[in-house]
Amino acid sequence: MPETAAICLGEAMIMLAGGSGPLADVEVFRRSVGGAECNVAGGLAALGVPTGWISRLGDDGFGQHVLRDLQTRGVDVGGVELDPVRPTALYVKESDGGRSRMHYYRTGSAAAAMAPGFLDRAEVRERLAQAKLVHTTGITAAISASSSDMLERLATEPREFLLSVDLNWRPVLWRERDPEPLWRLLRAADLALIGADEAEVFAGTGDADELYERLGAKTLVVKDDANTAILLEPSGRTEVPALSVDVVETVGAGDAFAAGFLAGTLQGLPAAQRLRLGHLTAAAVLTKREDHAPPPSAAERERLLNATDAEWAATKIGSA
Ligand SMILES: Nc1ncnc2c1ncn2[C@@H]1O[C@H](COP(=O)(O)OP(=O)(O)OP(=O)(O)O)[C@@H](O)[C@H]1O
Ligand SMILES: O=C(O)C(=O)C[C@H](O)[C@H](O)CO
């Protein structure tokens, strides 16, 4: 089994993007791979962190594509279980008038059948035992009650790893269940990542200090789109402005930010550089239609991580 410093746990989906225009008029779709935790896994691996992605997929062509895609991106998929009956999930991205809408086809998917016992599989246990960090999101708590119970177990059993949770508030997935387990998950996390806009809806406030107080003492990052990211830790508060970016499409930027921030954390970077790495990897995804993208080159990262505040503020990331 390969050494994996980070593990990402959650559903991957085939993403079908239909160019621009209302879904009813789209004839041809372009396939790629989406899913919050698998976006983070690919991002971490691209930044040099040995990473595994753990989940369930349908034993079907889409599942095989997800496995191949992640392997090509250097992610260990040895902890993935294939389901002979339930399918790999799909989602369709509708881009109409500059904004994207997600349409999910994931009810009854292979990943939604994850349950507390999934953590007892030898392939999963071994990987969790050697991980320094495990990352998941509110989407995994949302896809089914059993998957949420699995995260509850992960968060409450004794652990050696840091637990990282991105809120990823998806109200459409919570229509039939109370999101209280998501509060518990966030409160149990060692690191929490939250968007100010989604926090407004989920918690009634996007204010970083208020959220920090309500979640208890831990590492919290509150991202505010094109404005700033604020890191609150017992050791203090750090704020770094986002880069100026020619945005093509925003879905996945939060996952890329998480990958950069978490890679910087595992690599022991100072607070401001952890946030800068988050902004840099997010910027790369913002310039692409897909939900993930390779980060800027190592040389470019090194240059911008060490730039002065004035150089950072003057940096413009264009779409290629
Ligand atoms: N318009 C923008 N200009 C520059 N950077 C941006 C912009 N929008 C987002 N970002 C970058 O992306 C990061 C994440 O943004 P945000 O929190 O809005 O993502 P998100 O809604 O969590 O994304 P998703 O859940 O789709 O992955 C920001 O912290 C910032 O670095
Ligand atoms: O929204 C979801 O459930 C996804 O996982 C799809 C996208 O890849 C993800 O939202 C990006 O954060």
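Buried means under 20% relative accessible area, exposed means over 50%, and partly exposed lies in between, with a 1.4 Å probe and protein chains only as cover. Helices (H or I, at least four residues) and strands (E, at least two) are DSSP runs, numbered from the N terminus.

This is a predicted model, in which local features need pLDDT of at least 70 and side-chain atom pairs count only at pLDDT 80 or more, while totals for chains, interfaces and linings use all residues. Residues are numbered from 1 along each chain as its sequence is written, chains are lettered from A and ligands numbered from 1 in the order in which they are written, and side-chain values use heavy atoms, with hydrogens and water left out.

**Exercise 1. Helix α1**

Task: State which residues of α1 are buried.

Solution: 
- Step 1. Take the total: ten of the eleven residues of α1 are buried, which leaves the helix mostly covered.
- Step 2. Name them: A36, E37, C38, N39, V40, A41, G42, G43, L44 and A45.
- Step 3. Look just past the helix end. G48 has a positive phi there, about 90°.

**Exercise 2. The shell of ligand 2**

Task: Find which residues come nearest to ligand 2, and which elements supply at least two residues of its shell.

Solution: 
- Step 1. Apply the cut-off: a residue is near a molecule or strand if one of its heavy atoms lies within 4 Å of it.
- Step 2. Read off the shell. It holds 15 residues, and Y104, R106, R170, D255 and D291 come nearest.
- Step 3. Assign elements. α1 (36–46) and β8 (99–105) each give at least two residues.
- Step 4. Sort by class. Ala, Val, Leu, Ile, Met, Phe, Trp, Tyr, Cys and Pro count as nonpolar, Asp, Glu, Lys and Arg as charged, and the others, Gly among them, as polar. The shell of ligand 2 then has seven nonpolar, four polar and four charged residues.

**Exercise 3. Polar contacts of ligand 2**

Task: Locate the protein atoms that lie 2.7 Å from an oxygen atom of ligand 2.

Solution: 
- Step 1. Check side chains. R170 places a polar side-chain atom 2.7 Å from a ligand 2 oxygen. The side chain of D255 has an N or O atom at 2.7 Å from an oxygen of ligand 2.
- Step 2. A polar backbone atom of G35 lies 2.9 Å from an oxygen of ligand 2.
- Step 3. Turn to cover. On its own, ligand 2 has 310 Å² of accessible area, and the protein covers 98% of it. Such areas come from the Shrake-Rupley method with a 1.4 Å probe; for residues, only the protein chains shown count as cover.

**Exercise 4. Ligand 1**

Task: Describe what surrounds ligand 1, and which helix gives the most to its shell.

Solution: 
- Step 1. Take the shell: 18 residues, with D225, L243, G252, G254 and H279 the closest.
- Step 2. Assign helices. α9 (253–266) and α10 (271–286) each supply at least two residues. α9 gives the most, with four.
- Step 3. Sort by class: ten nonpolar, four polar and four charged residues.
- Step 4. List polar contacts. N168 has a polar side-chain atom 3.3 Å from an oxygen of ligand 1. For R170, a polar side-chain atom also lies 3.3 Å from an oxygen of ligand 1.
- Step 5. Compute cover. Ligand 1 alone exposes 630 Å², and the protein buries 86% of that.

**Exercise 5. T88**

Task: Find what the side chain of T88 reaches.

Solution: 
- Step 1. Classify T88. Its relative accessible area is 6%, so T88 is buried.
- Step 2. Trace the contacts. The T88 side chain reaches the backbone nitrogen of G58 at 3.0 Å. A 2.7 Å polar contact joins the side chains of T88 and D60.

Terms used
A polar contact is a pair of N or O atoms within 3.5 Å; within protein, one must be able to donate a hydrogen and the other to accept it, and residues adjacent in sequence count only if both atoms are side-chain atoms.
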